[in-house]
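Try each task before reading its solution.

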Amino acid sequence: MMGQMALDPMHQFKVETLREFSIGGFDISFTTASLALMLVVVIVFALLFFAISKPKIVPSRMQSVGELGYEFVANMVRDTIGEEGIKFFPFIFTLFLLVFGCNMLGMIPYFVTPTAQIVVTAALALLVFFTVIVFGFIRNGIGFLKLFVPSGVPLPLLFLLVPLEIISFFVRPLTLSLRLFGNILAGHIVLKLFVGFTVALLGTASFLSVFAIAPFFLALAFTALEFLVAFLQAYIFTVLTCVYLNDAFHPSH
Amino acid sequence: MVLDLIGSILVGLMFGLALDHVLGTEPWGMLALLALGMAAGFRLMLRTAEQQAKRIADETNAASAGAGAAKQGHEDT
């Protein structure tokens, strides 16, 4: 029975409640996922604090890692939004580090992956979505609605295209959250399955054990791939955040 | 890209059901917005495909010009 449980690929995503809380009937219990999120925040904060604690002209190893991350996200913001978008840099940099940190924490065996929980990714995506709406209206006023009117289109066609644009706009939080959630979830399931195959084949204690080498190497290869995916998904999440925020800055396209 | 297509259809469906629920026009709102969602999905998917094709073309041009491949992430699934 214990072996059965260890091989279940979905078991790793089960969230345990550590402390029960509720406000107005809403369950806001402190869970293992919340703990993992806090751990990521602490780790990221500690690393960045360490990186900039003793700044030098010739950066130390930690300092150059911090500067590399800063430059990477700052260039991304400048390329997609432009110079004026830099005031959103703290928000975007925080999102990037949080998502990247969560993905990387999940790569450590036995750790909970917060980004493999749809609530976490959905909350992040909705945060981006509402930031775009609120900031878009603050900056452009009612002109933000030009976002839904494609330019250079004859008037009769607009009656069809405007609803399409509106639907496309509301799809964003859905796709943004599902992309991150799906990639991380699928990656962890595949890893667990291959490792499970290896253990199961070894457990037969017969000539079949020889074949355990195949899933073992696949698991090894997928571990490397998952590190790539962990970075890539954090990158894609951040780039799309920039692209969506760009709409708030320049609503007419 | 796949997510764009499926997401648009789902959002269209949800909006349609919500509209029907508020206005009591079952099932016409759902049908109309489902059709709109599908159209929006295809449009969004084709737009993403166009962007990716353009990026790949740019990368190939840059590579053949000897300037090295442009640094851009890939947006799969």
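## Exercise 1: the interface

Task: find how many residue pairs are in polar contact between chain A and chain B, then describe the side of chain A that touches chain B.

Solution. Start with the count: two residue pairs, both at pLDDT 80 or more, are in polar contact between chain A and chain B. A polar contact is a pair of N or O atoms within 3.5 Å; within protein, one must be able to donate a hydrogen and the other to accept it, and residues adjacent in sequence count only if both atoms are side-chain atoms.

Next, look at which elements take part. Helix H6 (155–203) and helix H7 (213–249) of chain A each give two or more residues to the side that touches chain B, with helices taken as DSSP runs (H or I, at least four residues) numbered from the N terminus. The largest share, 14 residues, comes from H6(A). By type, that side of chain A divides into 12 nonpolar, three polar and two charged residues.

Two salt bridges are counted between chain A and chain B, each a side-chain nitrogen of Lys or Arg within 4 Å of a carboxyl oxygen of Asp or Glu. In one of them, Glu165(A) pairs with Arg43(B), and the closest N and O atoms are 2.3 Å apart.

A word on the source: this is a predicted model, where local features need pLDDT of at least 70, side-chain atom pairs count only at pLDDT 80 or more, and totals for chains, interfaces and linings use all residues. Residues are numbered from 1 along each chain as its sequence is written, chains are lettered from A in the order in which they are written, and side-chain values use heavy atoms, leaving out hydrogens and water.

## Exercise 2: contacts of Ile92(A)

Task: which residues are in contact with Ile92(A), leaving aside its neighbours within four places in sequence?

Solution. Take contact as heavy atoms within 4.5 Å. The list is then Val73(A), Val77(A), Ile81(A), Thr238(A), Thr241(A), Cys242(A) and Leu245(A).

Key
Nonpolar A, V, L, I, M, F, W, Y, C, P; charged D, E, K, R; others polar.
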